[in-house]
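Welcome! Take a look at the sequence and the model, and then let us walk through a few places together.

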Amino acid sequence: MLLALETMEDDVEYLKDRDAISLDVGVSRARAGVPIEALMTAIRLDFSVIWEALTAIATNEDSQLLVQRTARVWEVVDGYAGATQRAYVAELAKMQAEAASMRQSYLATLFSEKTLTPVELTRIAEELGQELDTEYVVAVALWDHIPEFRLALANVPQGVKVFTHSLSDALVAFFPAEFRAGSSLQKLYLNLERLNCGLIGEGCTLERIPQVAAMATSLAKLIDPDESGAMTWKRGWARMARFELDRAGAPGLDEAEKALEYCGTTERRRLRESVMAYLETGSISQASAQLYCHRNTLMNRLKRFTQLTGIDPTIPVQAARLVVGWS
């Protein structure tokens, strides 16, 4: 047996057999989902057992040969382990590519314009590894901001489910809505809030993701060049309403600004900041505290604003015109 080990060194057929076995073991274990660490440990333990068996049957005459061939045996061990590991990694990459291709195919179906049946939606949810009633956060970055967007997504820990789909001029990302303090998904959401993107955190189901993504895309387009941070629904709904009203040719959105043109610069600034503080809080007390002025001073400014513009900020219907017009 030890003599066979000695002559194995130049045996080309042995190397071919070893590579074939390595390929078979690496591929089969990757497909079976065996962790690579467990596989490598098992291989080295197997060869330890073989070495112990060799030394157990060796005679005194074999001692010198064993010493001479120790390095060769472990070279065989490492060669087999390395070949198996390479086969495993290559097969794992192939499996991941297959899974990614299949997932993108299902995502393309999701974002198609056709109405999906419950069976199709269920199949897509299963492919994504999610329950059908899972709610998602949706974010969209436009072309210029995609690199930093991808970087934020790449920093998510392995195993956290984030799905992406490319549009013609934007990248859509969606992930389960989970705002548990300290969770990876909550950290991702907070990171996305700092980026220039459209971000809708109000959870939506799988079926509504294409529509919500379109809305997030519209929000992203509302970000001015000198602004930073995500355009959320809370931050952007009034601006979107103004944009749509402007596009429809609705009159009167700038009437307050035109009326204030007749004031001096200082008065115009004070009236505007007073009204905006009141619109943000809905409270005379809170707004006056925010502006460091007496509540009577604030009330007088609101009355003055109404006299000049004809819009009373304390009446919700009229206040809505200011919220949209000043967004």
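## An exposed residue

Asp-24 counts as exposed, because its relative accessibility is 52% and the cut-off for exposed is over 50%. Keep in mind that this is a predicted model. Asp-24 can be found in helix α2, which runs over residues 12-32.

## A buried arginine

Now turn to Arg-239, which sits in helix α9. With a relative accessible area of 11%, Arg-239 is buried, since buried means under 20%. Which residues does Arg-239 touch, not counting those up to four places away in sequence? They are Leu-222, Ile-223, Asp-224, Glu-227, Met-231 and Ser-327.

## The largest nonpolar core

In soluble globular proteins, nonpolar side chains tend to be buried together. Here the largest nonpolar core has 29 residues, and those touching the most other members are Leu-110, Phe-111, Leu-128, Val-138, Phe-174, Leu-206 and Ile-209. At least two residues of this core come from each of α4 (63-110), α5 (118-128), β1 (136-142), β3 (170-176), β4 (198-204) and α8 (209-220). Helix α8 gives the largest share, 6 residues.

Apart from its neighbours within four places in sequence, Leu-206 is in contact with Leu-110, Leu-121, Ile-124, Ala-125, Leu-128, Thr-134 and Tyr-136. There is also a second, separate core of 19 residues, and among them are Phe-149, Ala-152, Leu-153 and Cys-197.

## A closer look at α8

Several residues of α8 are buried: Ile-209, Pro-210, Val-212, Ala-213, Ala-216, Thr-217, Leu-219 and Ala-220. What covers them includes α4, β1, β3, β4, β5 (231-232) and α9 (233-248).

How do α11 and α13 lie relative to each other, roughly parallel or roughly perpendicular? Helix α11 (residues 265-281) packs against helix α13 (residues 295-309) at an angle of about 110°, and their axes are 9 Å apart. The two helices are therefore roughly perpendicular.

On the α11 side, the contact is made by Glu-267, Arg-270, Leu-271, Glu-273, Ser-274, Val-275 and Tyr-278; α13 brings Leu-298, Arg-301, Leu-302, Arg-304, Phe-305 and Leu-308. Sorted by class, this contact has 7 nonpolar, 1 polar and 5 charged residues.

Terms used: Residues are numbered from 1 along each chain as its sequence is written. This is a predicted model: local features need pLDDT of at least 70, side-chain atom pairs count only at pLDDT 80 or more; totals for chains, interfaces and linings use all residues. Side-chain values use heavy atoms; hydrogens and water are left out. Axes are lines fitted to C-alpha atoms, for helices over the stretch in contact, and angles run from 0 to 180 degrees between N-to-C directions. Helices (H or I, at least four residues) and strands (E, at least two) are DSSP runs, numbered from the N terminus. Angles under 35 degrees count as roughly parallel, over 145 as roughly antiparallel, 65 to 115 as roughly perpendicular and the rest as oblique. Contact means heavy atoms within 4.5 Å. Ala, Val, Leu, Ile, Met, Phe, Trp, Tyr, Cys and Pro count as nonpolar, Asp, Glu, Lys and Arg as charged, and the others, Gly among them, as polar. A nonpolar core is a set of buried Ala, Val, Leu, Ile, Met, Phe, Trp, Tyr and Cys residues joined through side-chain atoms within 4.5 Å. Buried means under 20% relative accessible area, exposed over 50%, partly exposed in between (1.4 Å probe, protein chains only).
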